[in-house]
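Have the sequence and the fold open while you read.

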Amino acid sequence: VARSLGLPADTKGDEVVDHLARARDTPAIEPVLVTDAPVHQNVVTDRGGLLDYLPVPHLHPGDGGPYVNTIGFFVLESPKRDWVNWAVARAMKVDGDRLVGMTAKMQHLGMLRDEWGTAGNRIPFALVLGADPVTTLLTGTPVAKYGQSEGGVIGALLGKPLEVVECVTSSLRVPAHAEIVIEGYLDLDASVNEGPMAEYHGYIDKLVNTDGAPMFTVYHVTAVTHRDNAIYPSTCAGKPVDEDHTITGPGVAAVSLNELRAAGLPVEKAWSVPETASHVLALTLSDDWSQRFPDTKVLLQQIGDVVKRDTHAAFWVQRILVTNNDIDPTSPSDLWWAYATRCRPGDDSIIMDGVPIMALSPIVNTPAEREAAVGRCEIL
(Lines give C-alpha, C1' and ligand atoms only; values in the text may rest on other atoms or scores of the structure.)
Protein backbone atom coordinates (compact mmCIF):
# COMPACT_ATOMS: atom_id res chain seq x y z
CA VAL A 1 0.00 0.00 0.00
CA ALA A 2 2.83 2.41 0.86
CA ARG A 3 4.64 1.73 -2.40
CA SER A 4 1.48 2.30 -4.42
CA LEU A 5 1.36 5.81 -2.90
CA GLY A 6 5.00 6.50 -3.73
CA LEU A 7 6.07 6.15 -0.09
CA PRO A 8 9.04 4.11 1.19
CA ALA A 9 8.28 0.41 1.51
CA ASP A 10 8.91 0.47 5.28
CA THR A 11 6.31 3.20 5.92
CA LYS A 12 4.15 2.25 8.90
CA GLY A 13 0.40 1.81 8.58
CA ASP A 14 -0.48 4.85 10.68
CA GLU A 15 1.88 6.96 8.53
CA VAL A 16 0.07 5.75 5.39
CA VAL A 17 -3.21 6.81 7.01
CA ASP A 18 -1.78 10.23 7.90
CA HIS A 19 -0.59 10.67 4.29
CA LEU A 20 -4.06 9.87 2.94
CA ALA A 21 -5.74 12.10 5.54
CA ARG A 22 -3.65 15.08 4.43
CA ALA A 23 -4.27 14.24 0.77
CA ARG A 24 -8.00 14.89 1.24
CA ASP A 25 -7.21 18.60 1.49
CA THR A 26 -4.75 18.69 -1.42
CA PRO A 27 -5.99 20.45 -4.59
CA ALA A 28 -7.02 17.99 -7.28
CA ILE A 29 -5.03 17.42 -10.46
CA GLU A 30 -7.59 16.42 -13.06
CA PRO A 31 -6.92 13.62 -15.59
CA VAL A 32 -5.66 14.38 -19.09
CA LEU A 33 -7.38 12.89 -22.16
CA VAL A 34 -5.29 10.87 -24.62
CA THR A 35 -6.35 9.22 -27.88
CA ASP A 36 -3.87 6.34 -28.06
CA ALA A 37 -4.28 3.94 -25.14
CA PRO A 38 -3.00 0.42 -24.36
CA VAL A 39 -6.47 -0.55 -23.11
CA HIS A 40 -7.74 -0.09 -26.68
CA GLN A 41 -5.23 -2.46 -28.25
CA ASN A 42 -8.13 -4.93 -28.49
CA VAL A 43 -11.75 -3.83 -28.95
CA VAL A 44 -14.55 -6.43 -28.91
CA THR A 45 -18.07 -5.27 -29.79
CA ASP A 46 -19.30 -7.46 -32.63
CA ARG A 47 -20.18 -10.69 -30.85
CA GLY A 48 -22.76 -12.03 -28.44
CA GLY A 49 -21.74 -13.31 -25.05
CA LEU A 50 -19.17 -10.61 -24.39
CA LEU A 51 -18.67 -11.77 -20.81
CA ASP A 52 -18.01 -15.30 -22.07
CA TYR A 53 -14.95 -13.77 -23.71
CA LEU A 54 -13.43 -13.28 -20.24
CA PRO A 55 -12.17 -15.88 -17.73
CA VAL A 56 -14.68 -14.94 -15.02
CA PRO A 57 -13.85 -16.95 -11.86
CA HIS A 58 -16.22 -18.79 -9.50
CA LEU A 59 -14.50 -17.82 -6.25
CA HIS A 60 -16.10 -19.62 -3.30
CA PRO A 61 -18.21 -22.74 -2.76
CA GLY A 62 -21.65 -21.34 -2.02
CA ASP A 63 -21.38 -18.23 -4.19
CA GLY A 64 -24.49 -17.56 -6.27
CA GLY A 65 -22.42 -17.46 -9.45
CA PRO A 66 -19.11 -16.37 -10.93
CA TYR A 67 -18.14 -12.83 -9.95
CA VAL A 68 -17.00 -10.60 -12.80
CA ASN A 69 -15.79 -7.96 -10.38
CA THR A 70 -14.33 -8.04 -6.91
CA ILE A 71 -11.43 -5.57 -7.11
CA GLY A 72 -12.06 -3.49 -10.23
CA PHE A 73 -13.99 -0.23 -10.15
CA PHE A 74 -17.13 1.10 -11.78
CA VAL A 75 -17.15 4.47 -13.53
CA LEU A 76 -20.47 6.35 -13.32
CA GLU A 77 -21.26 9.96 -14.13
CA SER A 78 -23.95 12.16 -12.63
CA PRO A 79 -26.85 13.04 -14.96
CA LYS A 80 -25.64 16.68 -14.96
CA ARG A 81 -22.14 15.46 -15.93
CA ASP A 82 -20.62 17.50 -13.09
CA TRP A 83 -19.28 14.52 -11.12
CA VAL A 84 -17.66 11.23 -12.10
CA ASN A 85 -17.41 8.52 -9.45
CA TRP A 86 -14.93 5.63 -9.55
CA ALA A 87 -15.79 2.99 -6.95
CA VAL A 88 -15.21 -0.70 -6.25
CA ALA A 89 -18.40 -2.78 -5.98
CA ARG A 90 -19.00 -6.48 -6.42
CA ALA A 91 -20.77 -7.69 -9.56
CA MET A 92 -21.94 -11.20 -10.52
CA LYS A 93 -22.26 -12.64 -14.01
CA VAL A 94 -25.88 -13.29 -15.05
CA ASP A 95 -25.22 -14.49 -18.59
CA GLY A 96 -22.94 -13.67 -21.50
CA ASP A 97 -24.14 -10.08 -21.82
CA ARG A 98 -25.37 -9.12 -18.35
CA LEU A 99 -24.05 -8.78 -14.84
CA VAL A 100 -25.76 -7.73 -11.64
CA GLY A 101 -24.31 -5.74 -8.79
CA MET A 102 -25.07 -3.82 -5.64
CA THR A 103 -25.54 -0.07 -5.75
CA ALA A 104 -25.90 0.29 -1.99
CA LYS A 105 -27.38 3.50 -0.62
CA MET A 106 -24.46 4.16 1.73
CA GLN A 107 -22.01 4.22 -1.21
CA HIS A 108 -21.52 6.94 -3.79
CA LEU A 109 -22.62 4.49 -6.49
CA GLY A 110 -26.01 4.22 -4.82
CA MET A 111 -26.28 7.98 -4.42
CA LEU A 112 -25.55 8.45 -8.12
CA ARG A 113 -28.05 5.75 -9.00
CA ASP A 114 -30.71 7.67 -7.10
CA GLU A 115 -29.83 10.86 -9.00
CA TRP A 116 -30.35 9.04 -12.29
CA GLY A 117 -33.59 7.54 -11.03
CA THR A 118 -35.31 10.83 -11.82
CA ALA A 119 -33.35 11.61 -14.97
CA GLY A 120 -33.54 8.47 -17.11
CA ASN A 121 -33.57 4.73 -16.87
CA ARG A 122 -30.28 3.87 -18.60
CA ILE A 123 -26.98 4.90 -17.03
CA PRO A 124 -23.75 4.50 -19.03
CA PHE A 125 -21.08 2.63 -17.07
CA ALA A 126 -17.56 1.34 -17.46
CA LEU A 127 -15.98 -1.36 -15.30
CA VAL A 128 -12.19 -1.06 -15.07
CA LEU A 129 -10.38 -4.30 -14.27
CA GLY A 130 -6.73 -3.70 -13.46
CA ALA A 131 -5.28 -0.20 -13.15
CA ASP A 132 -2.36 1.56 -11.52
CA PRO A 133 -2.11 0.36 -7.88
CA VAL A 134 -2.83 3.83 -6.48
CA THR A 135 -6.02 3.89 -8.56
CA THR A 136 -7.13 0.54 -7.15
CA LEU A 137 -6.38 1.83 -3.65
CA LEU A 138 -8.28 5.10 -4.03
CA THR A 139 -11.35 3.59 -5.70
CA GLY A 140 -11.63 1.05 -2.89
CA THR A 141 -11.70 3.77 -0.23
CA PRO A 142 -13.92 6.74 0.68
CA VAL A 143 -11.04 9.27 0.51
CA ALA A 144 -12.68 11.31 -2.26
CA LYS A 145 -15.47 13.49 -0.89
CA TYR A 146 -19.06 13.42 -2.13
CA GLY A 147 -19.15 15.19 -5.49
CA GLN A 148 -15.37 14.92 -5.89
CA SER A 149 -14.03 12.77 -8.73
CA GLU A 150 -11.45 10.15 -7.80
CA GLY A 151 -9.43 10.89 -10.93
CA GLY A 152 -8.48 14.31 -9.57
CA VAL A 153 -7.55 12.94 -6.15
CA ILE A 154 -5.38 10.26 -7.78
CA GLY A 155 -3.61 12.96 -9.79
CA ALA A 156 -2.92 14.89 -6.58
CA LEU A 157 -1.39 11.79 -5.00
CA LEU A 158 0.70 11.04 -8.09
CA GLY A 159 1.74 14.66 -8.47
CA LYS A 160 0.75 14.56 -12.14
CA PRO A 161 -2.44 14.04 -14.17
CA LEU A 162 -3.63 10.50 -14.79
CA GLU A 163 -3.98 9.61 -18.47
CA VAL A 164 -7.53 8.65 -19.48
CA VAL A 165 -9.18 7.62 -22.74
CA GLU A 166 -12.78 7.87 -23.90
CA CYS A 167 -14.77 4.64 -24.01
CA VAL A 168 -15.75 3.20 -27.39
CA THR A 169 -19.52 3.09 -26.72
CA SER A 170 -19.99 6.10 -24.42
CA SER A 171 -18.32 9.37 -23.48
CA LEU A 172 -17.10 8.02 -20.14
CA ARG A 173 -13.35 8.16 -19.57
CA VAL A 174 -11.21 5.39 -18.10
CA PRO A 175 -7.51 5.00 -17.26
CA ALA A 176 -5.61 4.62 -20.53
CA HIS A 177 -3.25 2.01 -19.10
CA ALA A 178 -5.92 -0.26 -17.59
CA GLU A 179 -5.80 -3.98 -18.32
CA ILE A 180 -9.49 -4.56 -19.22
CA VAL A 181 -12.57 -2.35 -19.50
CA ILE A 182 -16.16 -3.57 -19.75
CA GLU A 183 -18.60 -0.98 -21.14
CA GLY A 184 -22.38 -0.79 -21.17
CA TYR A 185 -25.38 0.64 -19.36
CA LEU A 186 -27.40 0.09 -16.17
CA ASP A 187 -31.06 -0.67 -16.72
CA LEU A 188 -32.95 0.91 -13.82
CA ASP A 189 -36.12 -0.94 -14.81
CA ALA A 190 -34.55 -4.39 -14.40
CA SER A 191 -33.37 -6.37 -11.39
CA VAL A 192 -32.32 -10.00 -10.96
CA ASN A 193 -31.13 -12.12 -8.06
CA GLU A 194 -27.57 -11.52 -6.89
CA GLY A 195 -25.56 -13.63 -4.47
CA PRO A 196 -25.01 -15.06 -2.04
CA MET A 197 -21.30 -14.31 -1.87
CA ALA A 198 -18.51 -14.90 0.62
CA GLU A 199 -17.77 -11.33 1.63
CA TYR A 200 -15.11 -9.15 3.25
CA HIS A 201 -16.18 -10.15 6.77
CA GLY A 202 -15.13 -13.78 6.18
CA TYR A 203 -18.55 -15.41 5.98
CA ILE A 204 -21.04 -16.33 3.29
CA ASP A 205 -23.68 -13.61 3.05
CA LYS A 206 -26.66 -15.95 2.77
CA LEU A 207 -29.40 -13.39 2.20
CA VAL A 208 -30.27 -13.31 -1.49
CA ASN A 209 -31.78 -10.36 -3.32
CA THR A 210 -35.35 -10.75 -4.51
CA ASP A 211 -36.57 -9.61 -7.93
CA GLY A 212 -37.44 -5.94 -8.02
CA ALA A 213 -35.03 -4.79 -5.30
CA PRO A 214 -33.70 -1.49 -6.71
CA MET A 215 -30.18 -1.69 -5.27
CA PHE A 216 -29.41 -4.82 -7.32
CA THR A 217 -29.15 -3.36 -10.77
CA VAL A 218 -28.64 -5.12 -14.11
CA TYR A 219 -25.62 -4.03 -16.15
CA HIS A 220 -25.91 -4.67 -19.91
CA VAL A 221 -22.54 -5.10 -21.64
CA THR A 222 -21.92 -3.43 -25.01
CA ALA A 223 -18.13 -3.73 -25.37
CA VAL A 224 -14.96 -5.19 -23.90
CA THR A 225 -11.57 -3.57 -24.51
CA HIS A 226 -8.21 -4.79 -23.25
CA ARG A 227 -4.50 -4.46 -23.70
CA ASP A 228 -2.41 -7.25 -25.21
CA ASN A 229 -1.76 -10.12 -22.76
CA ALA A 230 -4.11 -8.54 -20.25
CA ILE A 231 -4.15 -9.61 -16.60
CA TYR A 232 -7.60 -10.26 -15.08
CA PRO A 233 -7.54 -9.09 -11.41
CA SER A 234 -9.69 -10.69 -8.73
CA THR A 235 -9.70 -11.05 -4.96
CA CYS A 236 -11.11 -14.06 -3.13
CA ALA A 237 -12.64 -12.37 -0.08
CA GLY A 238 -12.65 -14.25 3.18
CA LYS A 239 -11.19 -14.58 6.64
CA PRO A 240 -8.95 -11.57 7.30
CA VAL A 241 -6.45 -10.36 6.35
CA ASP A 242 -7.02 -9.98 2.59
CA GLU A 243 -7.16 -7.22 -0.01
CA ASP A 244 -10.62 -6.07 1.09
CA HIS A 245 -9.11 -4.98 4.39
CA THR A 246 -5.71 -3.69 3.29
CA ILE A 247 -7.23 -1.59 0.49
CA THR A 248 -10.35 -0.18 2.13
CA GLY A 249 -9.14 0.05 5.73
CA PRO A 250 -6.47 2.77 5.38
CA GLY A 251 -8.91 5.01 3.52
CA VAL A 252 -11.65 4.59 6.14
CA ALA A 253 -9.12 5.46 8.86
CA ALA A 254 -7.79 8.42 6.86
CA VAL A 255 -11.21 9.99 6.35
CA SER A 256 -12.02 9.51 10.04
CA LEU A 257 -8.71 11.09 11.08
CA ASN A 258 -9.18 14.00 8.69
CA GLU A 259 -12.67 14.72 10.01
CA LEU A 260 -11.70 14.32 13.67
CA ARG A 261 -8.82 16.76 13.24
CA ALA A 262 -11.10 19.24 11.47
CA ALA A 263 -13.46 19.02 14.45
CA GLY A 264 -10.62 19.99 16.80
CA LEU A 265 -10.64 16.70 18.73
CA PRO A 266 -7.38 15.47 20.33
CA VAL A 267 -6.85 12.47 18.04
CA GLU A 268 -3.28 11.74 16.90
CA LYS A 269 -3.53 8.47 14.97
CA ALA A 270 -6.16 6.27 13.36
CA TRP A 271 -6.07 2.70 12.09
CA SER A 272 -8.74 0.41 10.68
CA VAL A 273 -7.74 -2.93 12.18
CA PRO A 274 -7.49 -5.44 9.29
CA GLU A 275 -7.53 -8.45 11.61
CA THR A 276 -11.10 -7.47 12.58
CA ALA A 277 -12.23 -7.38 8.92
CA SER A 278 -12.24 -3.58 9.31
CA HIS A 279 -15.04 -3.65 11.90
CA VAL A 280 -12.82 -1.92 14.51
CA LEU A 281 -11.37 1.58 14.17
CA ALA A 282 -8.50 2.21 16.61
CA LEU A 283 -7.71 5.81 17.63
CA THR A 284 -4.97 7.23 19.86
CA LEU A 285 -5.23 10.53 21.76
CA SER A 286 -2.79 13.35 22.44
CA ASP A 287 -1.33 13.79 25.93
CA ASP A 288 -3.63 16.69 26.83
CA TRP A 289 -6.91 14.92 26.14
CA SER A 290 -7.86 14.45 29.81
CA GLN A 291 -7.35 18.16 30.57
CA ARG A 292 -9.57 19.11 27.67
CA PHE A 293 -12.18 16.43 28.36
CA PRO A 294 -12.43 15.59 32.09
CA ASP A 295 -15.52 13.50 31.31
CA THR A 296 -14.26 10.68 29.08
CA LYS A 297 -17.70 9.80 27.80
CA VAL A 298 -18.21 13.33 26.47
CA LEU A 299 -15.09 12.85 24.36
CA LEU A 300 -16.19 9.39 23.20
CA GLN A 301 -19.59 10.75 22.21
CA GLN A 302 -18.04 13.57 20.18
CA ILE A 303 -15.69 11.12 18.46
CA GLY A 304 -18.63 8.87 17.66
CA ASP A 305 -20.68 11.76 16.29
CA VAL A 306 -17.88 12.77 13.91
CA VAL A 307 -17.00 9.26 12.73
CA LYS A 308 -20.48 7.77 12.51
CA ARG A 309 -22.86 10.69 11.94
CA ASP A 310 -20.98 13.48 10.16
CA THR A 311 -19.45 11.45 7.30
CA HIS A 312 -20.56 8.44 5.28
CA ALA A 313 -17.05 6.97 5.22
CA ALA A 314 -16.99 4.79 8.34
CA PHE A 315 -20.15 2.74 7.82
CA TRP A 316 -17.85 -0.34 7.91
CA VAL A 317 -16.94 0.47 11.53
CA GLN A 318 -19.08 -0.97 14.32
CA ARG A 319 -16.60 -0.58 17.18
CA ILE A 320 -14.27 2.35 17.91
CA LEU A 321 -11.40 1.64 20.32
CA VAL A 322 -9.87 4.81 21.82
CA THR A 323 -6.54 4.64 23.69
CA ASN A 324 -3.69 6.75 25.01
CA ASN A 325 -0.78 7.33 22.64
CA ASP A 326 1.46 4.78 24.34
CA ILE A 327 -0.46 2.21 22.27
CA ASP A 328 0.52 1.45 18.68
CA PRO A 329 -2.85 1.26 16.89
CA THR A 330 -1.36 -0.93 14.16
CA SER A 331 -0.25 -3.56 16.70
CA PRO A 332 -2.91 -6.20 17.48
CA SER A 333 -1.05 -7.20 20.66
CA ASP A 334 -1.03 -3.59 21.90
CA LEU A 335 -4.76 -3.26 21.18
CA TRP A 336 -5.60 -6.51 22.97
CA TRP A 337 -3.56 -5.36 25.98
CA ALA A 338 -5.36 -2.02 26.12
CA TYR A 339 -8.78 -3.60 25.64
CA ALA A 340 -8.22 -6.21 28.36
CA THR A 341 -6.68 -3.95 31.02
CA ARG A 342 -8.08 -0.44 30.48
CA CYS A 343 -11.77 -0.95 29.82
CA ARG A 344 -14.07 -1.81 32.72
CA PRO A 345 -16.84 -4.09 31.40
CA GLY A 346 -20.17 -2.31 31.15
CA ASP A 347 -18.92 1.05 32.43
CA ASP A 348 -16.29 2.35 30.03
CA SER A 349 -18.15 2.19 26.73
CA ILE A 350 -21.08 3.90 25.09
CA ILE A 351 -23.54 2.58 22.52
CA MET A 352 -24.70 4.71 19.60
CA ASP A 353 -27.96 3.69 17.91
CA GLY A 354 -29.32 4.84 14.59
CA VAL A 355 -25.95 5.35 12.89
CA PRO A 356 -24.87 4.27 9.38
CA ILE A 357 -23.61 0.69 9.18
CA MET A 358 -22.54 -1.80 6.53
CA ALA A 359 -25.65 -3.84 5.78
CA LEU A 360 -23.51 -6.86 4.83
CA SER A 361 -21.97 -7.17 8.30
CA PRO A 362 -22.79 -10.48 10.07
CA ILE A 363 -23.56 -8.59 13.30
CA VAL A 364 -26.43 -6.70 11.67
CA ASN A 365 -29.21 -8.61 13.37
CA THR A 366 -32.51 -7.40 11.92
CA PRO A 367 -33.94 -7.11 8.40
CA ALA A 368 -34.92 -3.52 9.20
CA GLU A 369 -31.31 -2.62 9.98
CA ARG A 370 -30.13 -4.24 6.78
CA GLU A 371 -32.74 -2.46 4.67
CA ALA A 372 -32.03 0.95 6.22
CA ALA A 373 -28.25 0.40 6.58
CA VAL A 374 -28.67 1.93 10.03
CA GLY A 375 -27.81 0.26 13.32
CA ARG A 376 -25.49 0.27 16.33
CA CYS A 377 -21.87 1.20 17.11
CA GLU A 378 -19.90 0.72 20.35
CA ILE A 379 -17.21 3.20 21.45
CA LEU A 380 -14.81 2.27 24.25
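Asn229 counts as exposed, at 77% relative accessibility; exposed means over 50% relative accessible area, buried under 20% and partly exposed in between, with a 1.4 Å probe and protein chains only. You'll find Asn229 in the loop between strand 14 and helix 5. Its phi is positive, about 50°, although Asn229 is not a glycine. Helices (H or I, at least four residues) and strands (E, at least two) are DSSP runs, numbered from the N terminus.

Arg81 has a positive phi too, about 60°, and is not a glycine either. Look for Arg81 in the loop between strand 4 (73-77) and strand 5 (84-88). With a relative accessible area of 54%, Arg81 is exposed. For background, most residues other than glycine have a negative phi, and most peptide bonds are trans.

## What you're looking at

This is a predicted model, where local features need pLDDT of at least 70 and side-chain atom pairs count only at pLDDT 80 or more, while totals for chains, interfaces and linings use all residues. Residues are numbered from 1 along each chain as its sequence is written, and side-chain values use heavy atoms, with hydrogens and water left out.

## Cis peptide bonds

Going from Gly195 to Pro196, the peptide bond is cis, with omega near 0°. Pro196 is in the loop between strand 11 (180-187) and strand 12 (197-198).

Pro240 and Val241 are also joined by a cis peptide bond, with omega about 15°. Val241 sits in the loop between strand 14 (216-226) and helix 5 (243-262).

## Ring pairs

How many aromatic pairs does a search of the whole structure find? There are six. Rings of Phe, Tyr and Trp (its six-membered ring) pair if their centres lie within 6.5 Å; planes under 30 degrees apart are stacked, over 60 edge-to-face, and the rest tilted. One of the pairs is Phe74 with Phe125, tilted because the planes are at 55°, with centres 5.9 Å apart. Phe74 is in strand 4 and Phe125 in strand 8 (residues 122-129), 51 residues apart.

Tyr200 and Trp316 make another tilted pair, 4.3 Å centre to centre with 45° between the planes. Tyr200 is buried at 2% relative accessibility, and Trp316 is buried at 11%.

## A charge over a ring

The charged end of Arg342 sits over the ring of Trp337, 4.7 Å from its centre. The cut-offs are NZ of Lys or CZ of Arg within 6 Å of the ring centre and within 35 degrees of the ring normal.
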